[in-house]
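Here is a brief report on one structure. Take a look at the model before reading on.

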Amino acid sequence: MNKKAPQCTVTRITRSSSSQARHTGPAEALGPEFGLYGKQRKKQTDSTLAQDLSQMSVSRQNSSALGASSSVPAQACRSSGSRSTLGRSRGGLASVARLVKLGRCKNVVVVAGAGISTASGIPDFRTPGTGLYANLEQYNIPYPEAVFNIDFFSNDPLPFFSLAKALYPGSHRPNYIHYFIRVLHHKGLLLRMYTQNIDGLEKLCGIPDDKLVEAHGSFSTASCHLCYTAFPAAEAKAAIMSDKVPLCSFCAATVKPDVVFFGEDLPEKYFLHTKDFPKADLLIIMGTSLQIEPFASLVNTVRATVPRLLLNRHAVGPFERVPLRRGDHMELGDLVATVRRFAEMLGWDSEIEELMSTQETQSIPVLISSPPSLSSQTHESGSTDSPRKMEARGDGARSNGEESDSETDSKSSASSTLSS
């Protein structure tokens, strides 16, 4: 009697909004056993994503209405101001700085979104009025996130390519926040940095590739969105910048940069988190809205005894809880100013300034030889000032940004440079 061979179930993880993630079981979202994740991509319909996003919008509107009602208990009306006060009352920066100086934090994991790149002149995704999602009406798309939906792209790639022209790496410089993370590496404290951004500023400031996980991909490579045949990244960029659609030489389908769209599998390197987060003895979260899954859930995978520090404009994710979990700290407000204050407590500020000065001096010939990049930077920032000058004068509008999705929340800040 022949026995039927057991079938093997393969678990895959794709990028999704937090509303979609609610329908995903814990084992699928965070399970340590991950099978095929390479180039296979799971698709979802635009109508399903639109419905989820609509539900999110209704939920947020209801929450706002409740918050404005005087009849709602005080516990339900938590303002960002009260959260900020709570975070400061715990002495977040000082407490964590003390731990670092005492040598208690030797394996630091950094989780970052689009907000760390806004001081470089790159808009985030979700800030009302200035975020990338708030300025997509010109592209005639059904809902903002559709510009990063793989099914929508398959039908109409032009909206994404129009946006990509403004997000391609090369027009912006790393800022104080990026160099703070680089100094963490120089001190031998950085276990890994997980970024949602696709702007490439982390690499540009000198964070080595083996210390960096670009969870939502990058512009450094390109491939066919259907057959996944590799395509020269430089040729793809040249075509997109010239308002042309790059086509696959094998199947003639549209080529796109290898940034992770909604519905696509995360890169293989992302799964280093199954080893990194259990080792972490400090988690620093900065510039993210924690709305894109499964990235957003990473912050919940460190050990319960590990301190978590949120540096952000608003309380997000588990930091919206009142009271905060023991060991959680947050400092809300201008991100560059907050990180600078943290560096001063650690005694690193002068080292970061010197590193920035040296790096930018070495980069001057590159910038001078690239007039398009300079004019692009002027266009993005609305000013001829450099990112460092913007930081020095406390340009809050730029340095406050949150993750967009890489969001690709950036999607890199969509690619935050192209931010849950």
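How far is the sulfur of C251 from the closest cysteine sulfur? The gap is 3.5 Å, to C224, which is too far for a bond. A disulfide here is a pair of cysteine sulfur atoms within 2.5 Å. The structure holds zero disulfides.

This is a predicted model, in which local features need pLDDT of at least 70, side-chain atom pairs count only at pLDDT 80 or more, and totals for chains, interfaces and linings use all residues. Residues are numbered from 1 along each chain as its sequence is written, and side-chain values use heavy atoms, with hydrogens and water left out.

Buried means under 20% relative accessible area, exposed over 50%, and partly exposed in between (1.4 Å probe, protein chains only).

| Cysteine | Relative accessibility | Class |
|---|---|---|
| C105 | 2% | buried |
| C251 | 34% | partly exposed |

Now to strand β8. Strands are DSSP runs of E, at least two residues long, numbered from the N terminus. Strand β8 spans residues 282–286, and five of its five residues are buried. L282, I284 and M286 point one way. L283 and I285 point the other way. In a regular strand the side chains alternate between the two faces of the sheet.

Which strands pair with β8? Pairing needs at least two bridges found by DSSP between two strands. Strand β2 (residues 108–112) pairs with β8 in the parallel sense, over five bridges. There, V109 stands opposite L283. Strand β10 (residues 308–312) also runs parallel to β8, joined by four bridges.
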